[in-house]
Amino acid sequence: MTGGASTYAMAVCVGSAAWLAAARDLGARRARVLFVDEAEVPRRPWAGLAAVRVFALERREWWCVPVAVLLAVLGASVLPLVAGAVAVPSVRRWLRGRSRRRARERGAEAVTALCGAVVGELRAGREPGQALLVAVRDAVAPDGALDGAEAAVLAAARFGGDVPDALRKAADGPGLGGMAGMAACWRVAVDGGAGLAAGLDRLEGALRAERLRREELRAQLAGAWSTVVVLALLPVAGLGLGAALGADPLGVLLHSPGGLMCLAVGGLLEAAGLLWAARIVRGGEAA
C-alpha cells in the first residue's frame, strides 16, 4: 500500500511539474499583455485555451509526460516516470531533426519557385534586377521559406549591389543551395553576356528533376518505414492484448525480476532495431 501511495504521489509531482512548465510560458505571455495598452490587445474569450493548444503543438515532446504518468499509475511503479523523463530529450531531438528536414525541403522548393518567377519576369521584358525584386517580393517572400535570406538579395538588387555575392551568401541557408547556381548564372550573364533567362530555366529544370527524384525515392522507402513502425508497435499491441485477456503484463514487467530483465532486453533491442532501420533508410536516401 505504501509503494502504491508513493507511486501516485510521484506521478502527481511529475504531472504538476509538466503543468508548471506549460504555465510558465502562459505566465510570460500574460505579463506581456499586462504591460501593453489594453486598446491594443484584442479581447479573446478563449485565449488561455488557445495558448495551451499552441504550447501543446510547439512542445510535443512533453506529451511523453502524461503517458508516463498514466503508465506509472496503472503499473504502480516509478520506472515509467524515469522512462518518460529520458524520452523527453530524445523526442525533442527527433522533432528538431524533422523540422530541419522540412525547412530544407521548403527552402529547396522556394529556390525552384524563385528561378521560375525570375524567368517569367525576364521574358516579360523586365531588367534582371527588377525581375529579381518582383520575383522575391511576390513569389517567395510571402511564404517565408527563404528564412530571411531575401533581405540581402533584395537590397543588392534594389541598390545596385553585388547580386551574385548576395545569392551565394544566401545559399548557406537550409535547402537554399540552388541559389549558388543562380549566382553562377547571374555572374556568367553579367560578365559573358549569356542569356540569364536560359540559364535560370535550365537550373529550374535541374532543381525540379532533383525534387522529383527525392519524392520517388521517398515513395519507394515509404513501405520500409511502414514495416518498421508496425514492428515497433507490436510489443505495445502485445501488452494491450494481454491486458484485454485479463492478464497483468505491466505488473509482471515492472514487479518481477524476470519481467524487469525482459523489459530491459526488449527495450534495448527495440531501440537498436529502430536505429538500425533508420540508418538503412537514411543511407538509401543519401545514395
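Analyst: Happy to! Just after α4, G125 takes a positive phi of about 105°. This is a predicted model, where local features need pLDDT of at least 70, side-chain atom pairs count only at pLDDT 80 or more, and totals for chains, interfaces and linings use all residues. Residues are numbered from 1 along each chain as its sequence is written, and side-chain values use heavy atoms, leaving out hydrogens and water.

User: How do you know that the span of helix α4 agrees with its 45 residues?

Analyst: A helix here is a DSSP run of H or I with at least four residues. The expected span is 1.5 Å times one less than the number of residues, so α4 (residues 79-123) should span 66 Å, and its end C-alpha atoms are 66 Å apart.

User: Why is E61 called buried?

Analyst: Buried means under 20% relative accessible area (1.4 Å probe, protein chains only; exposed is over 50%, partly exposed in between). E61 has 3%, so E61 is buried. E61 lies in the loop between α2 (47-58) and α3 (64-75).

User: Which residues is E61 in contact with, leaving aside neighbours within four places in sequence?

Analyst: They are V88, V91, R92 and L95, where contact means heavy atoms within 4.5 Å.

User: And what makes T112 buried?

Analyst: The relative accessible area of T112 is 5%, so T112 counts as buried too. T112 sits in helix α4 and touches E204, L207 and R208, not counting residues up to four places away in sequence.

Conventions: Helix = DSSP H or I, 4+ residues; strand = E, 2+ residues; numbered from the N terminus.
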